[in-house]
Amino acid sequence: MASQNPVAEAPNIWAVAQSQFDHAADKLDLDDDMRRVLRVPQRELTVNFPVTMDDGSVAIFTGHRVQHNVSRGPGKGGIRYHQDVTLDEVRALAMWMTWKCACVNIPYGGAKGGVVVDPKKLSIREVEGLTRRFTTEISPLIGPERDIPAPDVNTNAQTMAWIMDTYSMHHGYTIPGVVTGKPISVGGSLGRNEATARGAVFTLLGWAKAQNRSLDGMTVVIQGFGNAGSIAATLLAEEGARIVAVSDSSGGIHDPSGLDPARVGGWKREHGTVVGYPGADSVDNQDILELPCDILVPAALENQITRHNAPRVQAKVVAEAANGPTTPEADHILYDNGVFVIPDILCNAGGVTVSYFEWVQDMQSFFWTEERINESLKGIMDRAFAAVHDMGQRHEVDMRTAAYMVAVARVAEATTLRGLYP
Ligand code: NAD
């Protein structure tokens with residue numbers, strides 16, 4: 001079983017992001033000028049800013065906001081609070097947002113932000129102070145027509161409400177469209193919470209349909225029973241699939257006869273973890289990836305499927321609800337072994353798609369029913385899956401390369417048509 005720590009050997013993700021772009025650019029035969037434009041972020045802002053702490057002292061924090069490309073529309077991408085945030089990481093995440101938005105053809109460019117902080121060490125008041133000052137520092141870049149942040153690691157709907165309020169205070173009136181992922185009561189969207197998982201399930205239905213099969217009776221393993229993973233479990237069970245193993249940061253549980261997602265969710269709410277769920281065997285977080293199953297859903301962290309464990313992945317399809325769970329070396333191994341990978345920029349794009357619907361609703365001050373949101377999401381995800389699958393078949397490439405080719409071609413076309421200013 002897997003013994004190596006995959007995260008310890010994690011490559012620099014900015015180098016990975018650029019090499020993934022290079023690969024797609026080669027396949028598309030993109031000219032050198034366009035490669036030079038798209039290979040680097042368009043704008044990067046680094047800010048060092050003071051926050052008054054609860055004890056009256058002043059702490060200085062560093063944050064970044066990067067816009068990789070805004071040719072197809074305003075920048076879009078989350079803000080994360082984490083002690084390991086680096087400018088390179090934010091650059092990679094911004095570039096991935098450009099491709100994700102282009103892959104599902106929503107009219108946004110790619111952006112991302114981050115503050116170097118472990119928010120668990122701060123009080124709520126200190127996190128609010130940090131959020132409001134960081135918003136002020138990056139306000140030259142953000143705005144509903146310019147760049148629209150959203151939640152990411154360690155930020156949530158409350159953080160978005162503070163950003164929206166701060167930005168609105170600067171302008172003297174309420175501007176809900178400056179961020180997405182807000183609470184419903186201040187302009188958030190119905191369906192946003194479930195959107196990432198729902199979108200991932202639509203791509204799995206697309207995969208099954210392409211082979212004239214259904215998800216009914218298929219077995220599923222999910223690493224990461226959080227927002228994306230637990231809702232994916234529920235939706236897949238509704239399609240008739242059998243959830244045989246799930247995990248969280250404390251470990252995993254395995255029951256080949258099937259787990260009830262609602263009951264596991266109840267156990268997790270009560271005990272803080274899925275571990276210890278009655279009647280299931282325990283399984284660790286690396287071994288869970290190697291269990292026999294039809295569908296493997298990594299929904300936790302990056303760099304989980306590596307060259308070490310990829311040869312032992314038994315699933316027929318890997319649906320990347322998480323961002324960056326598979327390393328480039330593992331990708332080759334899975335492809336050679338006939339494992340179908342639905343890449344992150346397609347599989348988890350349901351989240352940014354419903355963020356787009358939230359922004360549209362905010363701009364129009366007209367709010368949709370959940371039914372309309374889910375139907376519109378299905379339309380976008382189905383079209384995106386078909387475009388990527390078709391590209392993959394025509395060029396005989398894996399789905400990740402195909403998704404990049406679809407996305408890079410769209411961004412390159414927009415950039416060419418707009419021309420170089422001046
Ligand atoms: P979350 O914090 O709600 O859930 C993450 C889950 O993973 C938690 O249950 C946590 O305990 C678990 N986890 C952490 N370390 C683990 C490990 N080593 N092994 C197994 N489980 C572990 O986060 P989320 O919003 O569900 O996001 C999960 C992934 O999906 C991330 O990669 C995120 O970038 C990606 N994603 C989420 C969204 C969204 O809208 N929520 C959108 C796009 C992509």
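A polar contact is a pair of N or O atoms within 3.5 Å; within protein, one atom must be able to donate a hydrogen and the other to accept it, and residues adjacent in sequence count only if both atoms are side-chain atoms. The model shown is predicted: local features need pLDDT of at least 70, side-chain atom pairs count only at pLDDT 80 or more, and totals for chains, interfaces and linings use all residues. Residues are numbered from 1 along each chain as its sequence is written, and side-chain values use heavy atoms, with hydrogens and water left out.

View 1. An N or O atom in the side chain of T196 is 2.6 Å from an oxygen atom of the ligand. At N227 the backbone takes part: one of its N or O atoms lies 2.8 Å from a ligand oxygen. A polar backbone atom of A300 is 3.1 Å from an oxygen atom of the ligand. The ligand taken alone exposes 820 Å², of which the protein buries 71%. These accessible areas come from the Shrake-Rupley method with a 1.4 Å probe; for residues, only the protein chains shown count as cover.

**View 2. The shell around the ligand.** The ligand is surrounded by 20 residues, and the closest are T196, N227, A228, S249 and N285. A residue is near a molecule or strand if one of its heavy atoms lies within 4 Å of it. By class, the shell has 7 nonpolar, 10 polar and 3 charged residues. Ala, Val, Leu, Ile, Met, Phe, Trp, Tyr, Cys and Pro count as nonpolar, Asp, Glu, Lys and Arg as charged, and the others, Gly among them, as polar.

**View 3. The second largest pocket.** The volume of this pocket is about 450 Å³. Its lining has 20 residues, and those closest to its centre are Q42, R43, V70, S71 and R418. A pocket is found on a 1 Å grid over the protein atoms alone, as an open set of points with protein on both sides within 12 Å along at least five of seven lines; a cavity is a set of points where a 1.4 Å probe fits but cannot get out, and lining residues have an atom within 4 Å of a point. Grid points are joined across faces, edges and corners, and a volume is the space filled by probe spheres set on the points. Strand 2 (58-69) and helix 13 (399-418) each give at least two residues to the lining of the pocket. Strand 2 supplies the largest share, 3 residues. Helices (H or I, at least four residues) and strands (E, at least two) are DSSP runs, numbered from the N terminus. The lining of the second largest pocket divides into 8 nonpolar, 8 polar and 4 charged residues.

**View 4. The largest cavity.** The whole structure holds 1 cavity of 30 Å³ or more. About 50 Å³ of space lies in the largest cavity. The residues that line the largest cavity are L93, W96, M97, K100, K112 and N323. Helix 3 (residues 87-103) gives the largest share of this lining, 4 residues. The lining of the largest cavity has 3 nonpolar, 1 polar and 2 charged residues.

View 5. E320 lies in the loop between strand 11 (317-319) and helix 9 (328-336). E320 counts as buried because its relative accessibility is 0%; buried means under 20% relative accessible area, exposed over 50%, and partly exposed in between (1.4 Å probe, protein chains only). A polar atom of the side chain of E320 lies 2.8 Å from the backbone nitrogen of D344. D294 is placed in the loop between strand 9 (281-283) and strand 10 (295-298). D294 is buried, at 13% relative accessible area. The side chain of D294 reaches the backbone nitrogen of T219 at 2.8 Å, and makes a polar contact of 2.6 Å with the side chain of K316.

**View 6. Backbone details.** The peptide bond that joins Y421 and P422 is cis, with omega about 0°. P422 is in the segment after helix 13. N105, a residue other than glycine, has a positive phi near 60°. N105 is found in the loop between helix 3 and strand 4 (109-116) and is partly exposed, with a relative accessible area of 43%. N303 also has a positive phi, near 55°. The loop between strand 10 and strand 11 holds N303, and N303 is buried at 7% relative accessible area.
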